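Please read through the structure shown below with the following explanation beside it. The text starts with one part of the fold and then widens the view.

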Amino acid sequence: MSGDANGHDVVVSVQHLTVRAPQRTILDDVSLDFAASSLTAVVGPSGCGKTTFVRSLNRMVELTPGLEVDGAVVYLGQDIYDPRVNPVMVRRRIGMVFQRPTVFPTSIFENAAFGLRLIGEEISEIEREVEEALLRAGLWEEVKDDLDRPALSLSGGQQQRLCIARALATQPRVLLLDEPTSALDPAATQRVEATMQRLKEDYVLVLVTHNVAQAARVSDRIAVLHAGHLIEVGPTAEVLERPRNPLTAEFITGRFS
Ligand SMILES: Nc1ncnc2c1ncn2[C@@H]1O[C@H](COP(=O)(O)OP(=O)(O)O)[C@@H](O)[C@H]1O
Ligand SMILES: [Mg+2]
């Protein structure tokens with residue numbers, strides 16, 4: 001791992017990332033490093049490219065036909081877009097949690113074990129890793145006696161933490177979360193935020209949020225996208241209190257009320 005300007009270990013280095021759709025450029029020359037044990041909030045107006053940005057960080061963007069990616073996303077020294085790199089391996093190490101919980105109609109256990117089954121791990125190993133992932137996701141205490149229950153019988157907030165557990169089970173270094181609480185009530189949001197705050201000690205978290213108050217509560221750093229450009233990035237308090245770009249100020253004022 002190489003160090004960034006502040007001496008932190010860089011886990012992911014986004015270099016001149018440009019994503020084009022047939023008629024337009026969605027992300028334009030975005031460069032940004034992500035250090036170990038950090039939580040970066042990615043904010044900006046609807047349609048500015050937040051989802052496309054996080055989907056570019058684990059090659060999920062390739063699942064959308066017609067998008068062209070330029071530049072590099074260097075994960076632990078290797079460009080994940082190198083043709084020799086297997087995108088399935090990338091997504092195991094750089095996991096994703098979506099806006100709506102993507103729970104499968106199976107048991108709690110099988111949901112958490114999904115990625116491990118794909119790898120073909122032994123059941124004893126799967127049981128151990130599922131427990132560990134559920135603990136880290138802050139869900140274990142609520143479900144440990146009910147692992148065979150249908151996952152769809154859980155509340156929305158529990159389902160979202162189950163999706164976090166599923167992503168954690170394959171031993172990622174990076175967790176991408178695209179507006180993970182926007183479909184949740186305040187109490188469930190609070191629990192997911194508490195989980196994210198614990199996880200940032202051990203992982204690189206990249207949190208897309210339209211909620212500036214949430215960014216203020218949980219992030220160390222804020223990156224602001226505007227019309228596909230990275231217009232500002234800095235420590236959370238600095239960006240919120242002394243934004244450099246007038247567009248950031250406008251966005252924050254509109255959203256923090
Ligand atoms: N596959 C695509 N083809 C064409 N345009 C797209 C595609 N995906 C996203 N866009 C456009 O790119 C812009 C950014 O989208 P998105 O990354 O979803 O933004 P955000 O998550 O910030 O709302 C939007 O204007 C959207 O319509
Ligand atoms: Mg989005």
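This is a predicted model. In helix H4, the buried residues are Ile126, Glu129, Val130, Ala133 and Leu134. Viewed down the axis of H4, these buried residues fall within an arc of 135 degrees, so they line one face of the helix. An α-helix has 3.6 residues a turn, so residues three or four places apart point the same way. The face of H4 turned away from the buried side carries Ser124 and Glu125, which are exposed.

What covers the buried residues of H4? The cover includes three other helices: H3 (108-119), H5 (140-143) and H6 (156-169). H4 itself runs over residues 123-136, and its 14 residues should span 20 Å at 1.5 Å a residue; the C-alpha atoms at its ends are 20 Å apart, which agrees. Just after H4 comes Gly138, with a positive phi of about 75 degrees.

H6 is mostly covered, with 13 of its 14 residues buried. A residue counts as buried if 20 or more other C-beta atoms lie within 10 Å of its own.

Just after H6, Gln171 takes a positive phi of about 60 degrees. Gln171 is a residue other than glycine, and it sits in the loop that leads from H6 to strand S7 (174-178). Is Gln171 buried, exposed or partly exposed? Because 14 other C-beta atoms lie within 10 Å, Gln171 is partly exposed.

Ala227 also has a positive phi, near 45 degrees, and is a residue other than glycine. The loop that holds Ala227 lies between strand S9 (221-226) and strand S10 (229-235). Ala227 has 15 C-beta neighbours inside 10 Å, so it counts as partly exposed.

Val88 gives an example of an exposed residue. It lies in helix H2, which covers residues 87-93. Val88 is exposed because it has 11 other C-beta atoms within 10 Å, and the limit for an exposed residue is 12 or fewer. Val88 and Gly138 are 50 residues apart along the chain, and their C-alpha atoms are separated by 26 Å.

Next comes the ligand. Which residues come nearest to ligand 1? There are 13 residues around it, and Ala21, Gly47, Lys50, Thr51 and Thr52 come nearest. Helix H1 (residues 50-56) gives the largest share of this shell, three residues. By type, the shell around ligand 1 has four nonpolar residues, eight polar ones and one charged.

Finally, consider the chain as a whole. It has ten helices and ten strands. Its radius of gyration is 18 Å, close to the 18 Å that the globule rule gives for 257 residues, so the chain is as compact as a globular protein of that length. Along the principal axes, the C-alpha atoms fill a box of roughly 50 × 45 × 40 Å. Of the 257 residues, 42% are buried. Among contacts with a separation of 6 or more, 68% are between residues 24 or more positions apart.

Note on methods
Residues are numbered from 1 along each chain as its sequence is written. Chains are lettered from A and ligands numbered from 1 in the order in which they are written. This is a predicted model: local features need pLDDT of at least 70, side-chain atom pairs count only at pLDDT 80 or more; totals for chains, interfaces and linings use all residues. Helices (H or I, at least four residues) and strands (E, at least two) are DSSP runs, numbered from the N terminus. The radius of gyration is taken over C-alpha atoms; the globule rule is 2.2 Å times the number of residues to the power 0.38. Two residues are in contact if their C-beta atoms, placed from the backbone, lie within 7 Å. The expected span of a helix is 1.5 Å times one less than its number of residues. The arc is that of the directions from the helix axis to the C-beta atoms. A residue is near a molecule or strand if its C-beta atom, placed from the backbone, lies within 6 Å of it. Ala, Val, Leu, Ile, Met, Phe, Trp, Tyr, Cys and Pro count as nonpolar, Asp, Glu, Lys and Arg as charged, and the others, Gly among them, as polar.
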